[in-house]
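The exercises below are meant to be worked through with the sequence and the 3D structure open beside the text.

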Protein chains: 2
Amino acid sequence: MNQTWNQHVVKKENKTLVLEIIKNQAPISRADVAQVTGLNKGTVSSLVSELIKEQLIQESGPGESSGGRRPVMLLFNHLAGYSIGIDLGVNYLLGVLTDLDGNIVHERKVQYKDSSYQEIMQQLFESIDDLIASTPSSHYGVIGIGIGVPGIVSNEGEILLAPNLNWKRIKLKKMVEDHYELPVIIENEANAGAYGEKMFGVGQDCQDIVYVSAGVGIGIGLILNGSLYKGSAGFSGELGHMTIEVNGLECSCGNKGCWELYASEQALIRKAEQSVTLNSKGYDLTLDRLNQLAESDKEATSLFEEIGDYLGVGITTIVNTFNPEQIIIGNRLASTEKWVKPALINRITNYALKQHQNNLKINFSKLNIHSTAMGVIAFTIEKFLEVDLTHK
Amino acid sequence: MNQTWNQHVVKKENKTLVLEIIKNQAPISRADVAQVTGLNKGTVSSLVSELIKEQLIQESGPGESSGGRRPVMLLFNHLAGYSIGIDLGVNYLLGVLTDLDGNIVHERKVQYKDSSYQEIMQQLFESIDDLIASTPSSHYGVIGIGIGVPGIVSNEGEILLAPNLNWKRIKLKKMVEDHYELPVIIENEANAGAYGEKMFGVGQDCQDIVYVSAGVGIGIGLILNGSLYKGSAGFSGELGHMTIEVNGLECSCGNKGCWELYASEQALIRKAEQSVTLNSKGYDLTLDRLNQLAESDKEATSLFEEIGDYLGVGITTIVNTFNPEQIIIGNRLASTEKWVKPALINRITNYALKQHQNNLKINFSKLNIHSTAMGVIAFTIEKFLEVDLTHK
DNA sequence: AAACTTTGTTTATCCACTAGACAAAGTGCG
DNA sequence: CGCACTTTGTCTAGTGGATAAACAAAGTTT
C-alpha cells in the first residue's frame, strides 16, 4: 500500500471539510457551505444530514433572509464531547477540561511538593481523575487526553529526555493510554504552546509562526505552512542551544555561549543575584518579584531590558532564517512584556534583514499559562474529529 | 472555491501516482504497479494506456516470468521532452539541458566579461538560445526553463534583492516567459541546490535536509518532510546572517557577528590576506590556489580548519534547531572537503545535542557545480508532469 | 397578488474505481 | 507430453459518490 489510494477518501475529505467550515464559520447555512467549498448543494445536504446524525453539528433556528427563503443555520455541536489537556511543568501541573471548541470548563493547577517522579506521576493521575469526574454528560464523553512536557518526545509518545525533570525514556503515552483507555497525545511543551497560540491565541491568522517559549530555558515551536513542524525523529526546536557567543558561558548541554544562558528566566535571576544593589536589599529574587520591582527600581528595569536585547539577538537569527509572519513570546517571560518588548523590538528592527521585517508581527502570548495545555487540547480534538469521520 | 474539491482529482492523483512509480521503479509491470499502489488492476491498465497515448511511458519487451504469464515491462519515456536549467552565478553562468530523467545532454558554462546587468542578461539569453538549439527532437520539446539566482526571489518570480549582483526588483520570470513562451521557474540558488541534491545527489534517501551553500556568502536551503520549505513571503534561508558573536565583526547587512563573516569563501580569503606568511610569498590568494597550497603549507591547512570549525558552529545551531537527517555542504567550499570536514565534524560531535546526532549524516555535495542547475531542472520537470496530466 | 429570490431536497446521470470473470501465456510435475 | 496451476492483463457489470437540474418551500419586492 502506497500513500494515496482513493475512493471513500473523497467522501471523508469532503465531510471533514464541511465540518471544519461549519466549526469555523458557524452559524452558516447549507447553501453558504456549498458556495464556500465549491461542492454541490445536494452533496452538502447529504453530508450535513450524516453529521447531524452523528451529533457533531446541530440546526439552530432560521437565519436572516437575503431576499428569499430563510436559511436554516448550522452550528458545530461543541458540547458533543470534552477534551483534557495537561501542561506538565517543572514545578507545577496545569490540567484543563474543555469542550470541542476549546472553551475551558474546568481547570486545576497544583504545585508539586517535591519534583520526584512519583510525586509528579501521582499528581498527573489525580488531576486527570479529577477532570474526568467533572466532565458534564455528553454524547462522546472525554474524547482524548493531551500532555505537554518540557522535553524531547518521540513519535511514539515516549519522553526521551527531559533535563529539567531529570527524566529519561519514560513511556508516558502508553502508561496513560493503558490506564484510561482513551487516545493520548504527548507533545513537547514549546510545540504545544506554538499550536495553542495558533489555534486559540494571538496567532490565529498566521501560517508561519515562531513561538519562543522563554521559561527556565528557551524552547522553540515552529508553525510552518499552518502546521507544526517536527524534525526527522519528531523532536526539534531546541533552538535555546543556539550559539550566540562562540566562546561564551559554558552550558550544561556541553556547548558554549548558548542563547538560553543569556535570555531566559534563569539568566535573569543569575544576573539579579550578581547585582550588588538588588542583592543587598535582601529581596526575594524571583521572576514575579523582579517584575514588581521594575516599576520603581531602575536597576531591575535595565535587567529586563538586557534580557529583551538578548532575546532579540536570537530572534533576529530566527527571523532571518524562517522569515516568519509572526513571532510569539510565550511561557514565563511573557509576563515581562512591559519591560522586555521595547528592547527586543529595538534589536530586531536594527539588525534583522529589512525584507523580512515587512508584515512581521511580534506579539506576546495571549493565552498566558494556558498556551501549552490549549495546544495539546487542539491536537486531541483534531485527531478525534478526523478519526471519528474516517471509520464511518 | 476552497481547497479540496474533488472528482477528477482522484483520477489525476492516481495517474500522477502511477507515473511516478513507473518513473522511479522502472522497469515495472502493470501488475506490480497495481500491487504497489493498492489500485485495482483494471484501473492501472486504463491509466497506463492513457499515459502511453500521451507518450510519457512506453512498453519495453516482456520481463522474466515468476511462474506464470510473462509481464510486459513499462518504462518512463525520459526522452519525451527536455528541460533547461540555469545557474546564474555572481561571475559565471552555467546552463544545462537534460532529458526528463535529469540526464545531462548538453552543457554550457561562461564567465562574464564584466558583471553588468546587460552583460549577464545577454549571456543568459544566448545560453538559453544555444541550449534550445541543441535540443534533440522529441514529442514535447523543451518543457520549461528553470533559473537559480543568488538572491531573494518572490513567489511571482521577481528577484527582490541580489546583493552580490547589485540587483533589485528584476522581474526575471516574466521577461524570460515572454521571450520564450515556455513555463519558467525562478528560485534562490541555495534552495535549488538543496533540491538538486535531494533529487539527484547525495540526499536522495532523506526527508529532512539542510543544505549549506558556502560560497562567497552562506545560504541555506531547507528540505522539510521531503519538500522545499520557503518562508511566508517565499524567501527565507538567509541563515548566513545568523549571529554567532554578539559583538563581532560588522556585516554589510547591518548586523554584527554574522556567521558568513567567519565561515565563507570571503572569510577564508580575508584571513589569508591577513596572514603574514601567506601574503608575503606573493601567492594569488584565491580559493583554488589555497586549496593547492594546503597540500604542503601548514598555515593554509590551518586556515581551512578554522573555516571548518566556524562552519561547524553554525551547523551545530542548525542541527539543534531542525534535527535534520542530513547536512549537505555545497557550493564553492565543497571543494575543500579534505581539509574542512574533519574540523567541522569535530565541532559538531562535541557541541551538538547528542540525541540529534543519532543517524545524522554529514556530506559534501555530490553534484558539485551542478547542484543548483539540477535543482531547478527538477522543479521544472515536476511542474510539467503534473500540469500535463491535469488538463487532460 | 404577481414576479422574483433564495434555500434545501430529490431525481436522473455521470465518472472513476472495484470485484471478479476470462483469455492469454507462462511454469512445473507426473 | 499433457494437465493443473500461476500470473498477467483486459473486459464487464456493479457501486459509491459527485453533479446538474428540476422542484417545492418560504421568503421579499413592487
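**Exercise 1. Find the residue that stands opposite A:Ile152 in E9(A), and then describe the sheet around this pair.**

Solution. Begin with the pair itself: A:Ile152 stands opposite A:Leu161, which belongs to E9(A). Strands (E, at least two residues) and helices (H or I, at least four) are DSSP runs, numbered from the N terminus. This is a predicted model, in which local features need pLDDT of at least 70, side-chain atom pairs count only at pLDDT 80 or more, and totals for chains, interfaces and linings use all residues. Residues are numbered from 1 along each chain as its sequence is written, while chains are lettered from A and ligands numbered from 1 in the order in which they are written.

Next, look at the strands: E8(A) and strand E9 (residues 159–162) of chain A pair in the antiparallel sense over two bridges, where pairing requires that DSSP finds at least two bridges between two strands. Then widen the view to the open sheet of chain A, whose three strands follow the order E8-E9-E10 with antiparallel pairing. Because strand E8 (152–153) and strand E10 (167–170) of chain A stand at the edges with a single partner strand each, one side of each is left without a neighbour in the sheet.

**Exercise 2. Work out how E8, E9 and E10 of chain B are arranged in their open sheet.**

Solution. In chain B, an open sheet of three strands has the order E8-E9-E10, and its pairing is antiparallel. E8 (152–153) and E10 of chain B are the edge strands, each with a single partner strand, so one side of each has no neighbour in the sheet. Now take the pairs in turn: E8(B) and E9(B) pair in the antiparallel sense over two bridges, and B:Val153 stands opposite B:Ile159 in E9(B). Strand E9 (residues 159–162) of chain B is joined by three bridges to strand E10 (residues 167–170) of chain B, the two running antiparallel, and B:Ala162 stands opposite B:Trp167 in E10(B). Finally, examine the turn: the hairpin of E9(B) and E10(B) has four residues between the strands, and B:Asn166 takes a positive phi near 65° there.

**Exercise 3. Which residues come nearest to DNA strand C, and which are the closest to DNA strand D?**

Solution. A residue is near a strand if its C-beta atom, placed from the backbone, lies within 6 Å of it. Around DNA strand C there are 28 residues, of which A:Gly42, A:Ser45, A:Gly68, A:Arg69 and B:Asn40 come nearest. The elements giving two or more residues to this surface are helix H2 (30–37) and H3 of chain A, together with helix H1 (8–25) and H3 of chain B, and H1(B) gives the most, with four residues.

Turn now to DNA strand D, which is surrounded by 28 residues, the closest being A:Asn40, B:Gly42, B:Ser45, B:Gly68 and B:Arg69. Here the elements with two or more residues are helix H1 (8–25) and helix H3 (41–53) of chain A, together with helix H2 (30–37) and helix H3 (41–53) of chain B, and the largest share, four residues, comes from H1(A).

**Exercise 4. Describe how H2(A) and H3(A) pack.**

Solution. Two packed helices are described by the angle between their axes and the distance between the axes. H2(A) and H3(A) pack at an angle of about 120°, with their axes 9 Å apart; axes are lines fitted to C-alpha atoms, for helices over the stretch in contact, and angles run from 0 to 180 degrees between N-to-C directions. H2(A) and H3(A) are therefore oblique to each other, since angles under 35 degrees count as roughly parallel, over 145 as roughly antiparallel, 65 to 115 as roughly perpendicular and the rest as oblique.
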